[in-house]
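Subject: Structure for you to look through

Hello,

Here is the structure I promised you. Please open it alongside this note, and read on for what turned up.

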Amino acid sequence: MIKGLFVKKKKYATIPTGKVKQDVPEGIMTKCPECKHIMVTKELRKNLLVCQGCQYHYSMSSQERIASLIDEGTFSEYDANMISENPLEFPDYLEKLESDRKKTKINEAVVTGKGQINGMDVTLAVMDSRFRMGSMGSVVGEKITRAIEKAIENQTPFIIFTASGGARMQEGVLSLMQMAKTSVALKRLSDKGLLFISVMTHPTTGGVSASFASVGDYNFAEPRALIGFAGRRIIEQTIRQELPEDFQTAEFLLKHGQLDGVIHRSDMKKTLGTLLKIHTEGRLKHGGRTRI
Amino acid sequence: MAAELEFEKPIHELEKKIAELKSFMDEKDIDLTDEIKRLEEKLSRLENSTYSEMKPWDRVQIARHAERPTTLDYINYLFTDFIELHGDRLFGDDEAIVGGVAFYKDLPVTVIGHQRGKDTKENLRRNFGMPHPEGYRKALRLMKQAEKFNRPIICFIDTKGAFPGKAAEERGQSEAIARNLVEMAGLTVPVICVVIGEGGSGGALALGVGNYVHMLENSTYSVISPEGAAAILWKDASLAKKAAESMRITAPDLKELGIIDEIIEEVKGGAHKDAKRQAELMDEVLETSLDALLSMSQEELINQRYEKYKKIGQFGFVNDSIVVK
């Protein structure tokens, strides 16, 4: 089976990110895009959208992600009504936003809020690749920054699940500056001794990879997620040589020392819960400090 | 002779015509003074209108000019006793970024900047000013050193972007950039950033989280190159000119968007026409900025940086929010 995983990788690493769109299963039966294993969609959902055949992790919507992590009934959302404007007056941008809002039932590419994991309070941000490829414009940057500020205010850990193609072109340099905005907030969070966990899911690239996604106290990723700074095609054009099959996968990053671990979706809540416990109990036992 | 830029062609043609008339006058001993005077006035008007109404694409051309002054040029003109410091202590020395200690007037400072080459050979050595992770890690090492010894930091930004390559990805290009953003946010010393040429995306921003961010009048700062934007938006890189216009990447654009503090005036026609004079123009702004920051406490400096970036962005609210179940 391990061997099987490696064979499949080749295909996965070259999937254009646009494929994610058709990724979320809708019919009664769903055929795995990787191993062609056919599963009852209901079963697949119960299995946290992971293929029983090859362990392929389907993309998760923000709603599904939150349901898979947060104790039932404990989640309350922040800034749900914040929406993007069109600062550069890009043609069709507002229409595209509107159509993504209808499609995803969310107002922007990140959902933030507070909730509990195994009874412990957390502040959470979950990016959603169905909305403008999870790209970061002013709203994504502002919502994440506000969530970090809430984590500081409520003295909770901050956890982010990233899924993003990078900065949002249609907001130009304002998008770029969201990298700096979220970073100044993360620095403040860190200086208060608060925990920050980053979990990179497919795909995490460009400006998101090159800002908050990479600077967690712990950096994790889901299996086979595409993670990288520059796009594969651009690199191939620049260096004019073929890249390894597993290039920019979570496993590639792990091998090169860029991740603390690759975590299977079925172990995610348990792992986060354990880490939270280590930090929470540490704080309680040592007079509010995480360090002795 | 500087390479000719397309939008300057009419100026150069007129200059040529005037020169021809002058030599003709000398040769044939005919009095053409009035005609020359008329043309010179026309030239002056043409220069004024060309350089005062520069289009975004014209500025892109100037920002990329092969002879545009680089970080080392400004270091040479504005600082004394510069000692270059090398290496990130982890992997290597990336010559796409230079940095070191120096005096600014009588004040010890740390200076860091992207460094393009002046010719092909130097460009190869400096990777056309496109850093690898070790470049950003060197920069961070020097910033932390500056912080330890309480020296202000001056960063010059001039890059097409962080290098998109296999080795860069393997060594953590994303992490190197991200780390700089977070660490620069917390520096307890004044940080002044000046975009002197191209400010290309995250690779530029990784030296760009400062208390003040200034731009030379003809420099650019963008999330992606105009060519890249055109390729993504219209699947056609040749529409770069159109992209440059719609992406709002010039100094006046960034000032209007509330991202930068000051536009540093350039000598007529661009910094490459007179590097020394350009350095003087930058000097005035640097000195004022440093004066303002030196009176601030460590905490004030960090808070000022926080507020500066916190307010960047544009968004609205809807009343009937869709709540995630």
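First, a term: helices (H or I, at least four residues) and strands (E, at least two) are DSSP runs, numbered from the N terminus. The model is predicted, so local features need pLDDT of at least 70 and side-chain atom pairs count only at pLDDT 80 or more, while totals for chains, interfaces and linings use all residues. Residues are numbered from 1 along each chain as its sequence is written, chains are lettered from A and ligands numbered from 1 in the order in which they are written, and side-chain values use heavy atoms, with hydrogens and water left out.

**Chain B overall**

Chain B has 14 helices and nine strands. Its C-alpha trace spans about 80 × 60 × 40 Å along the principal axes. The chain has 325 residues, and 56% of them count as buried. Buried means under 20% relative accessible area, exposed over 50%, and partly exposed in between (1.4 Å probe, protein chains only).

Contact means heavy atoms within 4.5 Å. Take the contacts in chain B with a separation of 6 or more: 71% of them join residues 24 or more positions apart.

On charge, chain B carries 44 positive and 56 negative side chains. Lys and Arg count as positive, Asp and Glu as negative; His and the chain ends are not counted. The centres of the two sets lie 4 Å apart, with each charge placed at NZ of Lys, CZ of Arg, CG of Asp or CD of Glu.

**The interface**

The size of an interface is often given as the accessible area lost when the parts come together. Chain B and chain A bury about 5200 Å² between them, and 71% of this is on carbon and sulfur atoms. That buried area is what the two parts lose on being put together (1.4 Å probe), summed over both. Chain B gives 52 residues to the contact and chain A gives 56.

Three salt bridges cross the interface of chain B and chain A. A salt bridge here is a side-chain nitrogen of Lys or Arg within 4 Å of a carboxyl oxygen of Asp or Glu. B:Lys310 pairs with A:Glu149 in a salt bridge, 3.7 Å from N to O.

**Salt bridges within the chains**

The whole structure has 47 salt bridges over all chains.

- A:Glu142 and A:Arg146: the closest N and O atoms are 2.8 Å apart. They sit four residues apart in helix H5 (residues 138-154) of chain A, so about one helical turn separates them. A:Glu142 is buried at 3% relative accessible area, and A:Arg146 is partly exposed at 24%.
- B:Glu35 and B:Arg38: the salt bridge is 3.1 Å, N to O. Both lie in helix H2 (residues 33-52) of chain B, three residues apart, about one turn of the helix. B:Glu35 is partly exposed at 31% relative accessibility, as is B:Arg38 at 47%.
- B:Arg64 and B:Glu198: N to O is 3.0 Å. B:Arg64 is in the loop between helix H3 (56-63) and helix H4 (71-78) of chain B, and B:Glu198 is in strand S5 (residues 191-200) of chain B, so the pair ties together parts 134 residues apart in sequence. B:Arg64 is partly exposed at 25%; B:Glu198 is buried at 10%.

Shared partners also link salt bridges into one network of A:Asp79, A:Glu142, A:Arg146, A:Glu149, A:Lys181 and B:Lys310.

In helix H10 (residues 226-234) of chain B, B:Pro226, B:Gly228, B:Ala229 and B:Ala230 are buried. The buried residues of H10(B) pack against H3 and helix H11 (240-247) of chain B.

B:Lys235 lies in the loop between H10 and H11 of chain B and is exposed, with a relative accessible area of 71%.

A:Leu49 also has a positive phi, about 60°, and is not a glycine. It lies in the loop between helix H2 (41-46) and helix H3 (62-69) of chain A. A:Leu49 is buried at 2% relative accessible area.

A cis peptide bond joins A:His202 and A:Pro203, with omega about -15°. A:Pro203 is in strand S8 (residues 196-205) of chain A.

Best wishes
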